[in-house]
Structures are given as C-alpha cells and as structure tokens.
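Here is a walk through one model, taken a piece at a time. Have the sequence and the 3D view ready.

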Amino acid sequence: MINRRNALTGLTASALLAKTPLAWSQSIYPDRPITFMIAYAAGGGTDTIGRVFAKSLSEELKGNIIVENRPGAGGNLATDAVASA
C-alpha cells in the first residue's frame, strides 16, 4: 500500500536523480578566455580601472581575461564588436 510519505519520497528521489546528469556534463567556467572590451583609448583612467578589474576577476575565476581597447565613434565600435561576438 502506497501512502503519502512513500509517494513524496519517491518523487523527491526521482527529481534529484533527474538533475544529476546535467551537473556532470557541465564544463568548468570559463572554458576559454574572456574578452573584456573597453570603448576608450589605452592609457586613460577608464583603461586603468578596466585592467585592474580584469586582473582581480581573472584571479577570482582562475581564467584568462583579455583586455581589448576599441576607441572611436563615441563607443559604437566597441558596442558593435560586442554585439557581433
């Protein structure tokens, strides 16, 4: 005879088992370098802050972060590069 406790235990166990294969198939993030786009010229204040942020983020994620400067057109060049990535 199936009572409520056995039914709920079975449903919980099946839900946990259904989620398990998804966790095994995931790769470690980041699995490739992250490109950090800065819309201003190199050597300015924005570039310096961006590089400090990228360094601390790469230490936290234990991955490579590439800082790329794309100045020009009021930031539209960097925006187009990010949108098409």
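Let's start on one side of helix α2, where Ile49, Val52, Lys55, Glu59 and Glu60 are exposed. Exposed stands for over 50% relative accessible area, buried for under 20%, and partly exposed for anything in between (1.4 Å probe, protein chains only). Keep in mind that this is a predicted model, in which local features need pLDDT of at least 70 and side-chain atom pairs count only at pLDDT 80 or more, while totals for chains, interfaces and linings use all residues. Residues are numbered from 1 along each chain as its sequence is written, and side-chain values use heavy atoms, with hydrogens and water left out.

The buried residues of α2 are Asp47, Gly50, Ala54 and Ser58. Looking down the axis of α2, you'd find these buried residues within an arc of 65°, so they line one face of the helix. That arc is taken from the directions from the helix axis to the C-beta atoms. Among the things covering the buried residues are β1 and β2 (65–69). Helices (H or I, at least four residues) and strands (E, at least two) are DSSP runs, numbered from the N terminus.

What about the helix as a whole? α2 has 17 residues and spans 24 Å from its first C-alpha to its last, close to the 24 Å expected at 1.5 Å a residue; the expected span is 1.5 Å times one less than the number of residues. Just after α2, Lys62 takes a positive phi of about 55°.

Ser58 deserves a stop of its own. It sits in α2 (residues 45–61) and has a relative accessible area of 18%, so it is buried. Leaving aside residues up to four places away in sequence, Ser58 touches Gly63 and Ile65, where contact means heavy atoms within 4.5 Å.

Next, the strands. β1 and β2 pair in the parallel sense over 5 bridges; strands pair if DSSP finds at least two bridges between them. In this pairing, Phe36 stands opposite Val67 in β2.

Phe36 has another partner too. Phe36 and Phe53 form a tilted aromatic pair, 5.6 Å centre to centre with 40° between the planes. Rings of Phe, Tyr and Trp (its six-membered ring) pair if their centres lie within 6.5 Å; planes under 30 degrees apart count as stacked, over 60 as edge-to-face and the rest as tilted. Phe36 lies in strand β1 (residues 34–38) and Phe53 in helix α2, so the pair ties together parts that are 17 residues apart in sequence. Phe36 is partly exposed at 24% relative accessibility, and Phe53 is partly exposed at 43%.
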